[in-house]
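Please open the model in your viewer and keep the sequence panel beside it. The tour below moves from one selection to the next.

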Amino acid sequence: MKPYAAAMLMAALAFAGSTPLASAQENRVDSTPPDSYASFGTGDALLAQAVVLIAAATPSSLAEGIRLAAAADQIGADGAAGAGIVARDLVRGLYPNRQDLRPTRDSRGMKSRSEARSSSGWHRPWCSWTRRERWRMQRACAPGSCRLMPLFRNPPCRPSSRGCFWRSARARSADTRVQFEAALKRSPAFSPAAVGLARTIIASGAAPGELPLLQHLASLLPTESQRFAAFARGALAAGRPEKAADASAQGLLRSPDDPDFVILRARALAATGDWYQALWVLDALLRLQPDLTEAILLKARLLHENAQDDAQALAVLADAESRYPTDASFPGLRASILLDEKRTQEAVTALRHAYELAPDNLAFLSLLASTSAQSRQWNEASAWLAMIPAPARTAENLRVSWRISTGLGDHVQAKATALQLFQMTKNPDALALEARSMLAAGRRADARLVIDHVLGAMDPPPSQASELHFLHSQAGSDDPLFDLRTALKENPDNGEALAAITDVLAARKDYRKAMEYAKRASAMAPGNAALAQKAIELAKLADAAQ
């Protein structure tokens with residue numbers, strides 16, 4: 001493997017939740033002969049050595065860590081059973097094709113308590129366990145005795161794994177953060193916990209207020225290159241691209257063969273607004289190393305989002321697809337660009353191809369479902385969405401599911417989906433969807449109760465308040481005109497309120513005002529021929545009334 005490829009692999013694994021070492025360090029992992037476990041003295045000491053080896057996450061250290069954890073479990077060390085299971089899950093996630101790393105049932109000539117549980121399904125990947133199995137596993141690995149507990153909370157499997165995607169998407173960030181902080185309190189130098197905590201902070205959107213903590217966490221990583229890379233990522237997430245550019249430049253000085261720093265610098269330059277310089281940096285990198293997928297994708301994104309040169313972006317992706325026909329990321333990005341260009345059919349074709357190449361990629365399935373829903377192909381959209389495991393569905397998936405159920409006329413299911421969305425996001429817009437489902441089902445009184453509760457107790461932002469006042473006007477309001485005017489006061493561009501107030505004023509024979517609102521509504525929906533025709537008819541009625 002080329003030096004830069006090895007470095008990129010190590011950085012990727014480190015940020016995925018483990019702290020791999022360089023290949024040279026892997027060769028230095030001490031292997032313990034099967035008959036010398038007694039030299040550790042106690043099961044706890046044996047477990048401590050197993051934890052160190054498992055945290056290294058290299059093939060040889062994982063194999064040895066599994067053996068030591070099993071031996072510690074046999075001696076009776078608390079938490080050893082869980083440590084062995086973590087190591088096996090790491091093997092499956094990081095090295096799925098290495099069957100030689102999976103020890104036999106009795107590799108030491110004895111059977112441990114954790115191995116005795118294999119018949120219950122405990123050695124299946126974490127993502128396939130039931131809630132009760134996870135509870136039993138956490139009981140086996142008590143938080144006070146096992147320093148690998150944070151890895152149970154966020155197992156470092158491959159990003160394409162559906163189950164791990166679900167674990168990352170559905171885990172409460174606050175709870176996850178507490179676990180990583182507890183791990184660092186027990187073992188301040190345990191770098192996987194530092195990586196996990198930094199990742200949790202960035203994913204939660206809290207990075208802008210916690211850059212000093214991110215800098216401290218970066219300082220805990222084992223190599224200087226990893227420290228600069230981690231701080232650059234944290235600074236980017238914190239909205240400090242100038243610091244990210246400086247950190248990536250410092251890292252590049254120390255690791256000139258590592259393209260990860262070049263890519264980080266390009267991201268930082270683009271974030272400062274200097275996307276032209278970022279493209280120049282990427283072009284220089286790709287001339288030297290034309291097979292860097294991440295650099296190719298970043299260049300295409302910058303061409304599309306910043307340079308507004310979709311033709312060139314698509315050309316870059318077409319060239320990459322011709323050279324790497326089995327990489328799903330290129331047709332996936334091409335589909336996104338085509339969707340932005342309103343070339344829906346071409347985008348769907350590209351998305352289907354990307355899905356064929358990477359059927360475990362939930363992002364492709366989500367985009368296929370939402371694209372079909374936008375085209376009002378409800379059955380097709382429902383079929384795509386059904387392929388996403390229910391626990392793995394994101395808030396956006398649930399919004400698409402609500403639209404599908406509404407389009408199919410299943411308002412009971414739509415209401416249930418809206419409630420599920422509210423439980424996930426605690427956002428008032430989910431209750432607005434619930435109110436819409438109630439109105440569609442003829443439950444106007446129930447819809448008013450929901451709307452009044454949100455407006456009175458949740459202080460929604462102006463755009464959501466505008467929607468809710470519009471819905472209140474449709475729910476048997478005593479004064480719908482007042483509700484609609486309030487909706488337009490909150491958001492003058494509320495197209496639904498403009499169309500509704502047009503009808504209310506026309507019913508009161510105030511044709512001139514109705515015509516003015518109809519023209520505003522038509523201007524906001526240029527493709528709506530019915531609104532344009534209504535504005536013309538109201539103009540005629542207004543002239544006739546004079």
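**Where to read with care**

Where pLDDT is low, the predicted coordinates should not be read in detail. Across the protein pLDDT averages 78, and 73% of the residues score at least 70.

This is a predicted model, in which local features need pLDDT of at least 70 and side-chain atom pairs count only at pLDDT 80 or more, while totals for chains, interfaces and linings use all residues. Residues are numbered from 1 along each chain as its sequence is written, and side-chain values use heavy atoms, with hydrogens and water left out.

**A pair of helices**

Now select α14 (residues 241–254) and α15 (residues 259–271), whose axes (lines fitted to C-alpha atoms, for helices over the stretch in contact, with angles from 0 to 180 degrees between N-to-C directions) come within 8 Å and cross at roughly 160 degrees. The two helices are therefore roughly antiparallel (over 145 degrees) to each other. To see where they meet, show the side chains of Ala245, Ser248 and Leu252, which are among the α14 residues in this contact, and of Phe261, Leu264 and Ala268, which are among those from α15.

**A loop residue**

Finally, centre on alanine 441, in the loop between α25 (428–440) and α26 (444–457). The C-alpha atoms of alanine 441 and histidine 411, 30 residues apart along the chain, are separated by 6.2 Å.

How values were computed:
Helices (H or I, at least four residues) and strands (E, at least two) are DSSP runs, numbered from the N terminus. Angles under 35 degrees count as roughly parallel, over 145 as roughly antiparallel, 65 to 115 as roughly perpendicular and the rest as oblique. Contact means heavy atoms within 4.5 Å. pLDDT is the predictor's confidence in each residue, from 0 to 100.
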